[in-house]
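Q: Could you walk me through how this model is put together? I have it open and will ask as we go.

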Amino acid sequence: MEGTSPASQAWAIQVQGLTKSFGNHLALRGIDLEVRQGEFVVIFGPNGAGKTTLIKVLATIMNPSSGRVLVNGLNLKNNAEEIRRRIGVVTHQTFLYGNLTTYENLEFYSRMYDVPRLKERIHEVVSMVGMTSRLYDRVGTLSRGMQQRLSIARSLLHKPAIMLLDEPEMGLDQPAISMLWKALEIEGEGKRTIILTTNNLERGFELGDCLLILDKGKIVYQRSTQALDLADLKQAYQHSTRLEHELLA
Amino acid sequence: MSFWRNVIAITWKDALSQMRTKELVSSVLVFTLLVIVIFNFAFGASQETMRLVAPGILWVTFAFAGVLSLNHSFILEKEEGCLEGLMVCPISREVIYVGKMLGSLLFMLIIEAIALPIFAFLFNLILSLQLVVITVLTTVGFVAVGTLFSALAVNTRAREMVLPILFLPIVVPIIICAVRASGLALSGEPWGSLSSWLQIIGAFDVIFLVVSFLIFAFVIEE
Amino acid sequence: MKQSHVFRSGLLGLSFILLVVALYLIFIYVPTEKTMGIVQRIFYFHVPVAWVAFLAFFIVFLGSILYLWKRQSKWDVIASSSAEVGIVFTTLVLITGSIWAKPIWGVWWTWDARLTTSLVLWLIYVAYLIVRSYATEEQRGARFAAIVGIVGFIDVPIVALAITLWRTQHPGPVIFQGGLAPPMLLTLLVCLAAFTTLYCLLLIQRVSMKNDEGEIKRLKELCSWGCD
Amino acid sequence: MENAGYLFATFTIIWALVFGYVLLLSNRQRRLRREIDSLKETFKGRGIEQ
């Protein structure tokens, strides 16, 4: 826990001046963001706004081009492995191997995260998403919704303090969606930090404590949920997307 | 020793997954057999010419079989974004390289263990310890660069084409050495006459294991 | 801008003068080699061209390392430009080698150690360009090409060693008996200098072209982003 | 002098290739320059700062 002062403990994520460029294209152009521990942040934005890039940088999959990222007070640059231990990632891709069974997949990821008493833990997370009966089925034979539920189980194996959810509802059916949020609730005990990207304004408004709109790699809007109603948010979102349409025309 | 624990977990997962892909195992084996048979027609069946061209046929076969299986190694990781899943695990990028490399090595050695006796049987040759050593050493060289290039090729368009285009020119030196050394081994030469070939293969293995280990992170990290 | 233009013109003048001097030396000044006759004069082209090819690939190697380390696109621009020039020169090596081989050994192509090594080099660096063009994004292509640039160059000595060992088992014709006479050495050195300057010139030209291409992309990007 | 043809061929090919390459480069360079100029014109017309 070196380098973590009590003051920075309260922040789960601190991002300062984060940019990410792909050649000439700037995907993120100066993001400043602070997320308190236990906060639920929802990021909206049109396609290509940089949502996925931001999540990938926070998930340590992509290196930032410039700027500083702290997770639990740890700098992303030199503590990537320690940070990875504390985050769980769910995207619309499941990260699961179709040729392996449910159990084998979860066993593999448990090994990667050094999960203690992994057998019990696997049974625990699998029953949490209601997949106990499919423990020895090959993942490739399961339906899309089931695979996604397993993906949630996978992300919770190591009890991460921070969850990064990149459009997790994409391609999910209704039961799977409610299962997702139930699983996160049970495990979270109200203090897990969550960052969610989505296009669904109503859902995000319902879930989040803090709402952001990302547009062309910049945060163009940031409010806490108490301070606004849904209509406000919709207007802001439409404004940012309309701006884009006007420019393209 | 969590490094090796994680490496073994990846290797095991890879080996299991590759072995379960029945199309892969059978297609690589059938391919191997086909190449041997086709070359047989190409060069005529006289015992003497066969002796001469057998090592060449063997290594052409193994090189292409290697391309097939190496290609698959990272296609496996690409399908459900699994490579990103590995990258968010609390392991260094090097663990991923070593794990994948050993997985491909294991898979190729199994294929070769099946193909070599068939080869010896069809060409009337005697398998020796020398041939086994040459095969293992050369295969290590194949997977050392192959794993690096496979991770690279899978992120390009026409990935099935990119891997052989990259891989084959780079492994030219060890293919030459393996062909020569196998030729000597098959004609019953002592270890001493093989040594200079084996040394080059060994040097290639060491150099490219180290280089690939060092630069692998640059391939998978944006 | 102005300064680089002056520098480039100077380089152009220098390489022109050197090439003219080289022509004079090769055709008039240098004595004819005894065993091979006049064809041996190809040597004064063949060797400098091969040297430049090798130099070009070394620059690719350095540029690739620097690009991966610093992530500045200028290193990638230098590396990829050098690779292209290198391929042109390797092609020249292969052609001049073949033309030399015909009167001396009676065949166009022989699996001579040096020629074969050049051929493998050519294949490696063509792969370098192919990887770049097959990548889904420009930056990714640069990164992948840099990997090939590093691995490829490290492979060169091993390729040369393996092929030399392979060929010495069938002793090929000896290219040179005895050392080089002083006039021959002088001619060779001038030719080396001439082709090295030519390489520098081509590299600078290619780099500035790539920069222009980048500038066009940037302007177009700006166009689509609008003013901000 | 019986093999002078080969020597001559070498020279011709080398120079043809080098000049061909240089010509190709300078042609492309000119095209690029023109494109840059026309883009800059457009910007001026729209009053966008570069």
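Q: What is the strand order in the open sheet of chain A?
A: The open sheet of six strands in chain A runs E6-E7-E8-E3-E9-E10, with mixed pairing; strands are DSSP runs (E, at least two residues) and helices likewise (H or I, at least four), numbered from the N terminus, and two strands pair if DSSP finds at least two bridges between them. This is a predicted model, where local features need pLDDT of at least 70 and side-chain atom pairs count only at pLDDT 80 or more, while totals for chains, interfaces and linings use all residues. Residues are numbered from 1 along each chain as its sequence is written, with chains lettered from A and ligands numbered from 1 in the order in which they are written.

Q: And which strands are at the edges?
A: Strand E6 (87–91) and strand E10 (218–224) of chain A, each of which pairs on one side only.

Q: In what sense do E3 and E8 of chain A pair?
A: E3 (residues 40–44) and E8 (residues 193–197) of chain A pair in the parallel sense over four bridges, and A:Val42 stands opposite A:Leu196 in E8(A).

Q: Switching to chain C, how do H2 and H3 pack?
A: Helix H2 (residues 43–70) and helix H3 (residues 73–105) of chain C pack at about 160 degrees, with axes 7 Å apart; axes are lines fitted to C-alpha atoms, for helices over the stretch in contact, and angles run from 0 to 180 degrees between N-to-C directions. That makes H2(C) roughly antiparallel to H3(C), a term for angles over 145 degrees.

Q: How many residues of chain A are in contact with chain C?
A: Five residues of chain A are in contact with eight residues of chain C, where contact means that C-beta atoms, placed from the backbone, lie within 7 Å.

How values were computed: Contact = placed C-beta atoms within 7 Å. Parallel < 35°, antiparallel > 145°, perpendicular 65-115°, else oblique.
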